[in-house]
Amino acid sequence: MRGTKWQRYGSFFVLGALLALLGASYPRVLEPSNITNVIGQSAVIGVCAVGMTFVILTAGIDLSVGSVVALAGAVGAWLNVHAGLPWPVAWGIAILAGASCGAVSGLLVQWGNVPPFMATLAMMAAARGLTLLLTEGYPISGTSEAFNAPGWESLFGFPVAGAIMLILVLGGWMLLRLTPFGTGVYAVGDNRETAHLAGIPTGRITVAVYAISGATAGLAGLLMVGRLWSAQPSIGMGLELDVIAAVVLGGTSLFGGLGTVQGTLTGVLIMGFLDNGLRLLEISSYLQQMVKGTVFVGAVILDMYFKGAYRKGRSRDL
């Protein structure tokens, strides 16, 4: 199997091996009720990861998603509780707020020539500050049942949040594979200068991918508020690391140009089942963090190895 093929499909084998190992150690892991529970619990990371995949495919990074999750959740809850807006309107404005945060990061990257790391780091601080300003440091509770329903409700035994994640994955796949925009995203990540010379609007694509990341983070924030039945100003702290880890575990290269949304879904499930399995096996929480950190570092090392081989045109058989 060539290196690039391994990068595309390796996460599926890793997920299968992980399920086989966990199933042999603790059969309850493979019970349908536990599988749907893991999908529901992974929805917040999965929704954010869909948007993050677009950013990383352009060789960028978005460190602000955790803070944007908190800000969008607070905006939506405030509009629903204090302004009395119906939940669809509150949700729409909150997602728009998240997309606006992402668009500002994209403008800083594209036309401000600010490195993605610094631009989104600044947005991370700004969004967290706005959240604390809006909430005054206290949770916003009292959101309507309809507002919270997508975060915790199930239909026919399947979590609504998990269904939203799967719909987003399908939409992301269609956008990347079936539209000129998706072709442009891959081209920008593979070689920005060549893409520009080919007439691809690299600037608009860069701003768009950060806006998509912000919008998905906003949606994730609303799902998290629904799960908690309140907007907590501290939610989402450190979430960006889990999201980036899921995307990289799914085979998307940190160097851009390689990766898929369906691969990201497998990365999200790897993270979810790993966390679920370690808890069911009653592994120490300290050791759980070490295991997840080791898996992430391993994925990054493999990404560097395969991307180097790909660029040198010497894909290797495994």
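A: Setting aside neighbours within four places in sequence, Gly 184 is in contact with Ile 200 and Ile 205. Keep in mind that this is a predicted model. Gly 184 sits in helix α9, which covers residues 180–190. Is Gly 184 buried or exposed? Its relative accessibility is 2%, and the cut-off for buried is under 20%, so Gly 184 counts as buried. If you look from Gly 184 to Thr 252, 68 residues apart along the chain, their C-alpha atoms are separated by 16 Å.

Asn 148 has a relative accessibility of 0%, so it counts as buried. What does its side chain do in there? It makes a polar contact with the side chain of Thr 143, at 2.9 Å. Not counting residues up to four places away in sequence, Asn 148 touches Thr 143, Val 225, Gly 226 and Trp 229.

Next, the nonpolar core. The largest one has 81 residues, and Val 69 and Phe 273 are the ones with the most contacts inside it. Helix α3, residues 43–57, gives the most to this core, with 12 residues. As for Phe 273, leave out its neighbours within four places in sequence and its contacts are Leu 15, Leu 18, Leu 19, Leu 22, Val 29, Ile 35 and Val 38.

Leu 170, Trp 173, Met 174 and Leu 178 make a nonpolar surface patch of about 400 Å². Leu 178 belongs to helix α8, residues 160–178. With a relative accessible area of 57%, against a cut-off of over 50%, Leu 178 is classed as exposed.

Last stop, the charges. How many salt bridges does the structure hold? There is 1, and it joins the side chains of Asp 275 and Arg 279, at 3.3 Å from N to O. Side chains of opposite charge can pair when their charged atoms come close. Why do these two line up along the chain? Asp 275 and Arg 279 are 4 residues apart in helix α13 (residues 261–280), so about one helical turn separates them. Asp 275 is partly exposed, at 23% relative accessibility, and Arg 279 is also partly exposed, with a relative accessible area of 46%.

How values were computed. Residues are numbered from 1 along each chain as its sequence is written. This is a predicted model: local features need pLDDT of at least 70, side-chain atom pairs count only at pLDDT 80 or more; totals for chains, interfaces and linings use all residues. Side-chain values use heavy atoms; hydrogens and water are left out. A nonpolar core is a set of buried Ala, Val, Leu, Ile, Met, Phe, Trp, Tyr and Cys residues joined through side-chain atoms within 4.5 Å. Buried means under 20% relative accessible area, exposed over 50%, partly exposed in between (1.4 Å probe, protein chains only). Helices (H or I, at least four residues) and strands (E, at least two) are DSSP runs, numbered from the N terminus. Contact means heavy atoms within 4.5 Å. Patches are made of residues with over 30% relative accessible area and no salt bridge: like charges are joined within 9 Å, nonpolar side chains (Val, Leu, Ile, Met, Phe, Trp, Tyr) within 5 Å. Accessible areas come from the Shrake-Rupley method with a 1.4 Å probe; for residues, only the protein chains shown count as cover. A salt bridge is a side-chain nitrogen of Lys or Arg within 4 Å of a carboxyl oxygen of Asp or Glu. A polar contact is a pair of N or O atoms within 3.5 Å; within protein, one must be able to donate a hydrogen and the other to accept it, and residues adjacent in sequence count only if both atoms are side-chain atoms.
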